[in-house]
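These are brief notes for a colleague opening this entry. Please look at the sequence and the structure before reading the points.

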Amino acid sequence: INAETWDSASSSFSRQLTMDEILNLQKQLAAVQQASALQRLSERNCVEIVSKLIESGKLKVLFTTNGKEYLTPEQLEREIKDELLVHGGRINLVDIPPLLNVGLEHIEAKAEEIARREGVTLLNGELLTSY
């Protein structure tokens with residue numbers, strides 16, 4: 001065997017090993033992808049978990065007006081502040097429920113909290129700030 005034949009044979013052997021490694025990695029990837037699919041929670045399971053957390057008092061949520069989603073009080077506060085910012089620092093409370101899909105009673109209660117803590121003014125049903 002001359003040097004050229006040896007180099008050609010050894011490079012083919014190296015490529016073969018590389019292909020074997022690639023095939024092995026593909027098999028490992030497929031196994032991992034299937035395993036993670038088995039560990040996913042269904043939407044129904046997630047709803048059951050959230051329901052149990054609500055019943056036990058470990059999670060406080062507000063229901064949206066369509067009843068399909070949950071919202072934590074902290075998230076509601078963030079979204080009200082975001083809407084206040086988007087509307088230039090002034091928004092009427094009755095304009096917020098259709099934007100956030102949450103009942104006016106929740107908006108009013110959270111707006112009062114925001115006004116007490118954040119220095120935002122609540123005047124005649126409007127949130128006002130100097131953003």
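1. The model is predicted, with local features needing pLDDT of at least 70 and side-chain atom pairs pLDDT 80 or more, while totals for chains, interfaces and linings use all residues. Residues are numbered from 1 along each chain as its sequence is written, and side-chain values use heavy atoms, without hydrogens and water.

2. E83 lies in helix α3; helices are DSSP runs of H or I, at least four residues, and strands are E runs of at least two, numbered from the N terminus. Leaving aside neighbours within four places in sequence, E83 is in contact (heavy atoms within 4.5 Å) with I91, L99 and L100.

3. Which residues of α5 are buried? They are I107, K110, A111, I114 and A115. They cover an arc of only 145 degrees around the axis (from the directions of the C-beta atoms), so they sit on the same side of α5. E105 and R116, on the other side, are exposed (over 50%).

4. The cover over the buried residues of α5 includes α3 (73-86), α4 (96-100), β4 (121-123) and β5 (126-128). After α5 comes G119, with a positive phi near 75 degrees.

Notes. Buried means under 20% relative accessible area, exposed over 50%, partly exposed in between (1.4 Å probe, protein chains only).
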